[in-house]
Amino acid sequence: LQRAQGGAEADGAYTPLAELAAELPPVSWLWRGWIPQGFISLLGAAPGMGKSLVALDLARRVLAGEALPDGQPPPDMGARPGRVIYVDAEYVPQLAVARAGAWGMDMSRLFMLLPEPGRYFMDFCGATDRDRLTEMVYALEPELIVVDSLSSITSAGENAVDDIREVLGFLNQVAQIQPCGLLLIHHLRKRSAALPASEDLTIDDFRGSSHIIAMSRSVLGLSRVRAGGLPRERNGPRRLEVVKANLGQLPEPLGVTFEPLESGALGAPGVSPTPGVRLVYGAELQEPRPLTKAATCAELILELLAEGPLPPKAVVEAAREEGYGRDTVYRARRALEGQVRNTEGCRSPENLWERVG
């Protein structure tokens, strides 16, 4: 009897889920299946893959009331025109201006948060930059916030669990001020070239503390698509996919191609855009296929030569450290004809291997 009475008293001291459910709004979406409102969504990719382009293109669609990349209708913003806040922690607003101008975006509703004058970095570990973003969100009530990028908004690095938890907790609160999409751009770990290649990204590919993934309700990945057993093309098609979702099933991946955009083709009045690309989405372009060892070695050769020409002997030595033999290196080199050339005759002691283009 005493136990039952104690249980009854405890029931009144704590909040049951039924009571919380009556007070909480349902989950809403900026992009159903991909980017929820009121939570953190993470977009990860390797350097140069086009993360910022995808994020800015999403901002363009929100501002223009255009269909989302998979054809879904844009979020309902009522009679009020949409707004986007872009946290440019990497401090390259010229890129945003050039791209937004080339795409004809309404830049009067795209608001940039930059490091303060005299500073070239932003730090959400401290109160100053947090307060600046919070004030913007209260004043502007945006539909989307883009934070570019995680590595540039914390002075503590990506592996300090307590600091990462605090920064991400703050961003989660910001997304809930007026429930909006919050897309946080992040980087991937570098994969070893000797490991079996897979097109599918996993949460283990994301850099830093596991709390980054744990505190993100949706995790998106952007990667190159490989054509059969050939190395991926630097400007070739991409694959955009959700690699983690806490709020529903994983949607089907999307194919992304970067089509050349002529200078001024979509230019806004008063803006002289630089030539660039526009993003075209569709069904996933290729099913991933396992690569031969020669094909993965070919990718390694392209990476090594990205910094400049090298003697064949130096390439062989670097490849040997990654688990490739000399025969595999030369087989891969033959497959790269047209992408890699000799600077001298192949028998010349002065000959170097050099990337084409």
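Which residue lies over the face of F121, and at what distance from the ring centre? In this predicted model, the residue is R119, which lies over the ring face of F121 at 4.6 Å from the ring centre.

- Nine strands make up an open sheet with mixed pairing, and their order is β5-β4-β6-β7-β3-β8-β9-β10-β11.
- The edges of this sheet are taken by β5 (110–113) and β11 (276–283), and because each of these has a single partner strand, one side of each is left without a neighbour in the sheet.
- On average, and with direction ignored, neighbouring strands of the sheet are turned by 25 degrees against each other.
- Within the sheet, strand β3 (residues 40–45) pairs with strand β7 (residues 181–187) in the parallel sense over six bridges, and L43 stands opposite I185 in β7.
- Helix α6 (residues 161–177) packs on the sheet, where it touches β3, β6 (144–148) and β7, and the direction of the helix makes about 150 degrees with that of β7.

**Aromatic pairs**

- The structure holds four aromatic pairs, among them the pair of Y91 and Y120, whose ring centres are 5.5 Å apart and whose planes stand at 50 degrees, so the pair is tilted.
- Because Y91 lies in the loop between β4 (84–88) and α4, while Y120 lies in the loop between β5 and α5 (127–140), this pair ties together parts that are 29 residues apart in sequence.
- Y91 counts as partly exposed, with a relative accessibility of 31%, whereas Y120 is exposed, with a relative accessible area of 64%.
- F124 and F170 form an aromatic pair that is edge-to-face, with 5.5 Å from centre to centre and 75 degrees between the planes.
- Since F124 lies in the loop between β5 and α5 and F170 in helix α6, this pair ties together parts that are 46 residues apart in sequence.
- F124 counts as buried at 0% relative accessibility, and F170 counts as buried at 7%.

**A charge over a ring**

- R333 lies over the face of W353, at 5.5 Å from the ring centre.

- A102 has its place in helix α4 (residues 93–102), and at 6% relative accessibility, under the 20% cut-off, A102 counts as buried.
- Although A102 and V277 are 175 residues apart in sequence, their C-alpha atoms are 8.6 Å apart in space.

**Backbone features**

- Most residues other than glycine have a negative phi, and most peptide bonds are trans.
- A cis peptide bond, with omega at about 5 degrees, joins D148 and S149, and S149 is found in the loop between β6 and α6.
- Y91, found in the loop between β4 and α4, has a phi near 60 degrees, which is a positive value in a residue other than glycine.
- E141 likewise has a positive phi, near 50 degrees, in a residue other than glycine; E141 is found in the loop between α5 and β6 and is partly exposed, with a relative accessible area of 38%.

Note on methods
Residues are numbered from 1 along each chain as its sequence is written. This is a predicted model: local features need pLDDT of at least 70, side-chain atom pairs count only at pLDDT 80 or more; totals for chains, interfaces and linings use all residues. Side-chain values use heavy atoms; hydrogens and water are left out. Helices (H or I, at least four residues) and strands (E, at least two) are DSSP runs, numbered from the N terminus. Buried means under 20% relative accessible area, exposed over 50%, partly exposed in between (1.4 Å probe, protein chains only). Two strands pair if DSSP finds at least two bridges between them. Axes are lines fitted to C-alpha atoms, for helices over the stretch in contact, and angles run from 0 to 180 degrees between N-to-C directions. Contact means heavy atoms within 4.5 Å. Rings of Phe, Tyr and Trp (its six-membered ring) pair if their centres lie within 6.5 Å; planes under 30 degrees apart count as stacked, over 60 as edge-to-face and the rest as tilted. A charge sits over a ring if NZ of Lys or CZ of Arg is within 6 Å of the ring centre and within 35 degrees of the ring normal.
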